Amino acid sequence: MKTYLFLLLCLLPGLVALAQPTTEALKDCGTPTPTQPIVIPQAVFESYQQKAALPICVRVVITIFANTDGSNVATTETNVLRQFQNMADQYAPHNICFLLQDIRQVNNTDLNDQDADTEGAELLPFRVANCLNIFVHNALPGYNGNAYDIPNYNGYISMNANAIESTSNISTTGHEVGHVFGLYHTHSKGFGNERVARSGGCKNCLDAGDLICDTPADPNQDVDLNDQDYLADFTNASCVYSGTRQDNCSTPVTYAPSTRNMMAYGRRACRNQFTTDQGTRLRVFLDKPQFDYLIAPENNSIPVANVTRNSGSYLDVARDQVTVGLSNTFVVSGSANQQFISKRIVIKPGTRFTPTGSGRTTTVLSTYCD
Ligand SMILES: [Zn+2]
């Protein structure tokens with residue numbers, strides 16, 4: 001009987017896991033948990049709570065890898081754009097938006113098959129400057145995505161093309177970007193197991209788990225018997241949790257986790273929410289000087305003096321409005337390649353576009369910031 005029970009306990013989670021799509025069987029990311037937690041002092045945290053309505057705009061370039069001979073392109077622009085929109089929707093409630101500067105293809109067989117555990121540094125020279133870089137690889141063995149560090153001041157993530165192409169996994173891109181900007185997993189236990197209580201002697205949410213108190217304690221702090229994710233295994237297609245695990249309080253309390261949280265290992269199709277406190281923590285990191293380089297200005301008026309651009313490539317962006325030629329003469333001519341990206345682009349008198357040959361001026365309306 002004992003043997004039978006043991007087998008049943010081992011097999012049940014396995015059977016549940018087998019019912020999940022392949023991409024969900026992968027660990028979401030191999031992003032290592034820092035040995036020293038970054039705790040935000042309460043006074044600082046509260047000061048950023050007051051700034052929740054201020055818009056933040058992150059500049060992004062997405063790189064789709066292919067093999068060196070151009071074959072084996074990791075995925076399509078259509079798939080990339082669908083996941084980018086998913087991410088934009090997930091961050092919008094927190095007034096964090098994205099300005100997509102470019103989707104480009106880079107042909108490199110080595111980087112098209114990325115070992116996230118050992119090859120993270122190989123991507124550094126392939127980053128486009130002044131952006132959050134999202135790299136999409138044909139193969140990222142073992143992972144849906146990887147952010148390499150929390151936070152990642154180098155500003156890049158790797159995505160498995162399978163996760164980008166999945167229509168049931170709507171959340172890995174936003175999850176990895178959450179790591180880049182300082183969010184831990186809700187089941188993180190590098191700082192100790194988080195308990196359910198939010199008051200009294202068992203409360204430890206400020207210095208255990210993900211260090212955030214409005215994300216409920218997560219039963220996934222320990223994996224299943226078969227090394228699968230408990231939260232995903234006990235969340236149904238309607239995103240309802242049915243697990244029975246209890247925390248380690250002296251009077252144990254049954255977990256009541258969020259199945260929607262972006263930083264949990266729940267069902268990928270269910271994940272679509274950051275909590276208010278997660279939004280605040282993101283905002284704290286996005287405001288750090290180390291991330292200044294990837295923040296787009298709200299408005300951008302160019303040029304600041306009379307300017308002629310006759311060759312080379314130029315990119316001028318803003319979250320809300322780029323104003324061209326406000327009070328100075330601005331000429332783009334010859335082979336110069338000029339691009340403007342913003343929600344609004346206003347061309348004033350004094351501006352002249354006279355491209356020749358391969359020269360061109362393009363305006364792209366950014367639709368990812370409300
Ligand atoms: Zn993660």
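Where does Pro 151 lie? Select Pro 151 to find the loop between strand E5 (143–146) and strand E6 (156–160). Helix and strand labels follow DSSP runs, with helices (H or I) of at least four residues and strands (E) of at least two, numbered from the N terminus.

**Before going further**

Residues are numbered from 1 along each chain as its sequence is written. The model is predicted: local features need pLDDT of at least 70, side-chain atom pairs count only at pLDDT 80 or more, and totals for chains, interfaces and linings use all residues.

**The whole chain**

Show the protein chain as a cartoon. It holds nine helices and 15 strands. Its radius of gyration is 23 Å, close to the 21 Å that the globule rule gives for 370 residues, so the chain is as compact as a globular protein of that length. That radius is taken over C-alpha atoms, and the globule rule is 2.2 Å times the number of residues to the power 0.38. Along the principal axes, the C-alpha trace spans about 85 × 50 × 35 Å.

Of the 370 residues, 41% count as buried. A residue is buried if 20 or more other C-beta atoms lie within 10 Å of its own, exposed if 12 or fewer, and partly exposed in between, with C-beta atoms placed from the backbone. Among contacts between residues at least 6 apart in sequence, 66% join residues at least 24 apart. Two residues are in contact if their C-beta atoms, placed from the backbone, lie within 7 Å.

**Two cis prolines**

Go back to Pro 151 and select Ile 150 with it. The peptide bond from Ile 150 to Pro 151 is cis, with omega near -10°. Next, select Ile 302 and Pro 303. The peptide bond joining Ile 302 to Pro 303 is also cis, and its omega is near -5°. Pro 303 lies in the loop between strand E7 (299–302) and strand E8 (307–309).

**Two asparagines with positive phi**

Select Asn 72, in the loop between strand E2 (56–66) and helix H4 (77–91). Although Asn 72 is not a glycine, it has a positive phi of about 60°. Is Asn 72 buried or partly exposed? Asn 72 counts as partly exposed because it has 16 C-beta neighbours inside 10 Å.

Then select Asn 130, which is found in the loop between helix H5 (109–112) and strand E4 (132–137). Asn 130 is not a glycine either, and its phi is positive at about 65°. With 16 C-beta neighbours inside 10 Å, Asn 130 counts as partly exposed.

**A helix pair**

Colour H4 and H7. Their axes come within 8 Å and cross at roughly 55°. That makes H4 oblique to H7. Axes are lines fitted to C-alpha atoms, for helices over the stretch in contact, and angles run from 0 to 180 degrees between N-to-C directions. Angles under 35 degrees count as roughly parallel, over 145 as roughly antiparallel, 65 to 115 as roughly perpendicular, and the rest as oblique.

To see the contact, show Gln 83, Asn 86, Met 87, Gln 90 and Tyr 91 in H4, which meet Thr 173, Gly 174 and Val 177 in H7.

**A buried aspartate**

From H7, move to Asp 229, in the loop between helix H7 (172–180) and helix H8 (230–233). Asp 229 is buried, with 24 other C-beta atoms within 10 Å. Asp 229 and Lys 288 are 59 residues apart in sequence and 33 Å apart in space, C-alpha to C-alpha.

**Two open sheets**

Select E7, E10 and E13. These three strands form an open sheet in the order E7-E10-E13, with parallel pairing. Two strands pair if DSSP finds at least two bridges between them. E7 and strand E13 (344–347) stand at the edges with a single partner strand each, so one side of each is left without a neighbour in the sheet. The twist averages 10° from one strand to the next. Four bridges join strand E10 (residues 321–324) to E13.

Last, select E8, E11 and E14. They make an open sheet of three strands in the order E8-E11-E14, and the pairing is parallel. E8 and strand E14 (351–355) are the edge strands, each pairing on one side only. Here the twist averages 10° from one strand to the next. Three bridges join E8 to strand E11 (residues 330–334). End on Thr 308, which stands opposite Val 331 in E11.
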